[in-house]
Amino acid sequence: MIRLHRFHGGIHPPTHKAESTRTPIMSAPLPAQLTIPFRQHAGEAAKPVVQVGERVLKGQLIGEPVGAISSSIHAPTSGTITAIDLQQIAHPSALPDLCATLVPDGLDEWGVRQTLSYRQLSSDELQKHLRRSGIVGLGGAVFPSDMKLRHPIVVDTLVINGAECEPYITCDDMLMRERAEAIVRGIEILRHALGTDAVLIGIEDNKPQAISAMQRAVDDSSHPFKVIAVPTVYPGGSAKHLIKVLTGVEVPSGKLPTDVGVQCYNVATAYAVHRAVEHGETLVSRVVTVTGNVEQPRNYEALIGTPFSDLVALSIPKADTNRYIMGGPMMGVELPAVNVPLVKASNCVIAASDALFPPPPAAMPCIRCTRCAQVCPVELQPQDLYWFAQSHNFGKAQEYDLFDCIECGACAYVCPSSIPLVQYYRYAKSEIRARDHEKRAADLARERHEFRQFRIEREKQEKAERLAQKERAAAAAKAAAEAAAAIPTPLEPNADAEDTQQMRIDAALARAKEQAATAHPRNTEALTPEQRAEIEAIEVRRAHIHSLAADAGADDEPPKNSQGN
Amino acid sequence: MLSSPFITRPLSVDRIMLRVLYALVPGIALYVWYFGPAILVSIALAVTAALATEALMLKLRDRPLRPFLSDYSALLTGCLIALSIPPLAPWWLPVIGSAFAIAVAKHLYGGLGSNPFNPAMIGYAVLIISFPHEMTHWLSPQGVGQSVLSLGQQLHYIFTSALPAGMQLDALTMSTPLDTLKTQLHLGMTVSDIRDLPIYGRLAGKGSEMVAAGFALGGLYLLVARIIPWQLPLAFLGTLFALSGVFNLIDPTHYAPPLFHWFSGAAMIGAFFILTDPITSPTTARGRIIFGIGAGLLTFLIRTYGGFPDGVAFATILMNMCVPLIDTWTQPRIFGKKKEDKR
Amino acid sequence: MITALWIMVALAALLGMILGYASIRFRVEGNPLAEKIDAVLPQTQCGQCGYPGCKPYADAIAKGEADINLCPPGGEEGIHKLAELLGVEFKPFGENAQPKPKAVAFIDEQTCIGCTLCIQACPVDAIAGAAKQMHTIIASECTGCELCVPPCPVDCISMLPIEEQLTNWKWRYPVYALRQTS
């Protein structure tokens, strides 16, 4: 048995997980219409590669990755693309984003499914396959999974995250209970690609059925993976904190787990990897928990792009439901509308009512009681960060490590003054980011402006020089003419300089001529008579154009090298 | 739109304050038992003045009355002021103390959460500097003084400053055990001689030692209920104990023993109810230990060498001043950062 | 009496020497004031302040010739920053210098005749094009100064306000105030 470690703080909110684990995962029926956002992953949004009106097959690529950190988007079922436009999505801003609208034809016809044998695969090939298959972290961060295989240093431990610490969410729990074998196969693929030996599967000890199912699957597979029950504490499912609990290693601030030789994947991601590699299925569906204020809380396997309203309707919301939350109650976002589509990041949707989640009372002043600091898993001083954020003192907030905050909400959960702490931190973070951006833009503008000033100055100087030179040349020519007219006199130094320059120009012209004469086009030997005839015709045309251009040029512009006149 | 989290644990400021008030009950009960019910009158006066001033200041500052009046913080300040001044005092003493504490020490600094100094201690400091005479007339514990006033007579005195005919105030009151110790030491008596005086009990002053024990009991409840951090009382009482212990060992005739220091004056109420005011104490664990040690040191120094008999109030105010500095110095290491990475 | 006076004088002299020494020994080689001011200005180079660019305005402020409330693109926050930097009072914008929402210039490419006048006007070279060729704005480098708008002979340049998008969306300051309205 391995020794577990602890992290500072954490809270124990009521889990409410039993409600949605009573019935098995149900396959959600095909919706009448799917809305598939092109930005479902961390990084750049995918670029649409289908046309409106095009028929697509299930699993067919409809959005291709752009840039290094990006992923693919696929058609979740067969049907017709009826629109590619801005649609409302599940985002706290309620701003629309680019989405494809797909009307299913009801056949659910798969396109080409490319299965692979992972043992023969190099890590590079697997990365390409995962990127093509649109596999992203399904724990909520939706970071492209292929990027996580690009390890510059050796990874010696693979941590599989089955902690699922947020209240209400049970999609990973149910997935582990029902599809443990597939998850283990997915883990084996990832382990193979990373070339690690140690695999630790961390599951919170409030999911005994999932633990035993996973243990059985691991035993059956005879892989040396370790299934470890970790203490239930929120936010124990944060990747960095689970790594700390399982390995005792703290991922340094601002670094990635790979920097300490650990990589971490969610169980649902491992499952998706298995489906993508061994069944050739791109990521077009996921398991999502529908719970809260509904008659039949349960998990659904639903297509990406399914409107949440369809899923909620299946579970029958109670009458007093007045809003919906995507994700858990600790870190989720309130949906701007219930008909926004399910995305890869959606692990849960909670029907909320004022009875279930009472609106917080009016915030009172902070009394510095430090209950927030006692529960902060990152050991920050939330009361200080709050003070700086609310007084717009962003520099100080950054100095107090604002950007290490994982926005888990434990501080706001315990705050006796009901201060919306997390929102203050989010506000401060996005202001700081915007200011950084503005600062960079201002620096760029300054640089470009200064360069422009410099350029204008340089051009002015050059012009002045040219003018001066011209004047000198004119004077010299005049002098030379006078000298020639009169008795031969010693040349002026000025004319001397002029002479050498003229000589240099002549020499350069001669050199150019010589080069032109010696240079032969490479492919002009051994030509057929027809080709020669054609070339001659072209030469004639070219000469004609040249003469035309020369005439026009004489009208418009003075000749360029007009030194002598 | 609301930001996550959407659930909260229902422990609000008013519940915290209420528990602190509950924790004062044993001390107050023992106070009444040993010194009579005058303290209740004093508390009522101080609390009324505190609430009235709070309401007035909220009104002037255009703040909502209801959430701030019902958070019990003004009530607690009033209680603490009443408990730190003599119970048989003219009515205006607790009223002025409370009003000053709430109006100046709390609201002029920005109200709840923004005051750098403990309002109750500022109120006390103002009273002891402005009215030193009235602040020394402490009631004798029952059975020590030569005569006892009935509740009616006490009320009469509090509101009219008139005693029943033929009674002298000095006959009813005495100076505190700490004060007596200081005066008598000056007069050349030894500690053991002084402690044989009738006003002294087993550990410290007769009666007052039991009241201190009552406050300690309430404080232990607050510790167990995790309302207050353990670092502050431990560091404060530990420092006081250690210092007085060392001095007592070196020269027992001139320095009172540690337990005497613990159970006299405001040591216990200070350790558990005053220093632990979260608004005016440090927020880091190490900072609290430094704060407690500093307060313990200053209290001992003021008691032993200073011009006032007790030093808890001034020690608290002086340490309050250092809180921002202590907080800045003692910022803890955060997850994923080594100590040396820190500023 | 005299002794005390002497002591005070000696003390003052000594402390003065210490201070003088410290000011030489620990002098911070800071940027001159104008550069610090320039760093605060938004670098739109728009000339709305009446100076031909941000640097000249910064110089003017440093010399005390210009007010701090002449830079609308910097917004009120910019004035606050300048006020803090210079240790003066905040001054609100005048009537004719109110900040506008951020925008970028846009050239209607159907109408553009390729006259290069806007290219010459652009203070940050953010317009690409050549004589008799269609011009276009490099949006990422446009500061929204509007200097290219008046020279255009065919009025084909318009200022498009930068709209809020998912990529530049910001969390709002929490609105639950301490004050209860009801």
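In the predicted model, the C-alpha centres of domain 1 and domain 2 of chain A lie 44 Å apart. The domain assignment places domain 1 of chain A at residues 128-280 and domain 2 of chain A at residues 367-507. Contact between the two involves 6 residues of domain 1 of chain A and 5 residues of domain 2 of chain A. Together these domains bury about 430 Å². Carbon and sulfur atoms account for 56% of that area. On the side of domain 1 of chain A, the greatest losses of area to domain 2 of chain A fall on A:Y234, A:P235 and A:H241. These three residues together supply 71% of what that side buries.

The peptide bond between A:Y234 and A:P235 is cis, with omega at about 0°. A:P235 sits in the loop that runs between β11 (226-230) and α5 (239-247) of chain A. A:E164 belongs to the loop between β9 (157-162) and α2 (171-178) of chain A. Most residues other than glycine have a negative phi, and most peptide bonds are trans.

Chain B is also assigned two domains, domain 1 at 12-174 and domain 2 at 175-328. Their C-alpha centres are 20 Å apart. In this pair, 33 residues of domain 1 of chain B contact 31 residues of domain 2 of chain B. The area buried between domain 1 and domain 2 of chain B is about 2,800 Å². Of this area, 81% comes from carbon and sulfur atoms. Within domain 1 of chain B, B:N118, B:M121 and B:M174 lose the most area to domain 2 of chain B.

Two packed helices are described by the angle between their axes and the distance between the axes. Helix α4 (residues 73-84) and helix α5 (residues 92-106) of chain B have axes that come within 9 Å and cross at roughly 135°. The two helices, α4(B) and α5(B), are therefore oblique to each other. Their crossing is right-handed. Helix α4(B) contributes B:S73, B:A74, B:T77, B:G78 and B:I81 to the contact. Helix α5(B) contributes B:P94, B:G97, B:S98, B:A101, B:I102 and B:K106. By class, the residues of this contact comprise 5 nonpolar, 5 polar and 1 charged.

In chain C, the assignment gives domain 1 at 33-86 and domain 2 at 103-161. The C-alpha centres of these domains of chain C lie 25 Å apart. Here 4 residues of domain 1 of chain C are in contact with 5 residues of domain 2 of chain C. The buried area between the two domains of chain C is about 350 Å², with 59% given by carbon and sulfur atoms. In domain 1 of chain C, the residues that lose the most area to domain 2 of chain C are C:T44, C:Q45 and C:C46. Together they make up 86% of what that side buries.

Conventions
Residues are numbered from 1 along each chain as its sequence is written. Chains are lettered from A and ligands numbered from 1 in the order in which they are written. This is a predicted model: local features need pLDDT of at least 70, side-chain atom pairs count only at pLDDT 80 or more; totals for chains, interfaces and linings use all residues. Side-chain values use heavy atoms; hydrogens and water are left out. Axes are lines fitted to C-alpha atoms, for helices over the stretch in contact, and angles run from 0 to 180 degrees between N-to-C directions. Helices (H or I, at least four residues) and strands (E, at least two) are DSSP runs, numbered from the N terminus. Angles under 35 degrees count as roughly parallel, over 145 as roughly antiparallel, 65 to 115 as roughly perpendicular and the rest as oblique. A crossing is left-handed if the near helix is turned anticlockwise from the far one by less than a right angle, and right-handed if clockwise. Contact means heavy atoms within 4.5 Å. Ala, Val, Leu, Ile, Met, Phe, Trp, Tyr, Cys and Pro count as nonpolar, Asp, Glu, Lys and Arg as charged, and the others, Gly among them, as polar. Domain bounds come from an automatic or database domain assignment. Buried area is the accessible area (1.4 Å probe) that two parts lose on being put together, summed over both.
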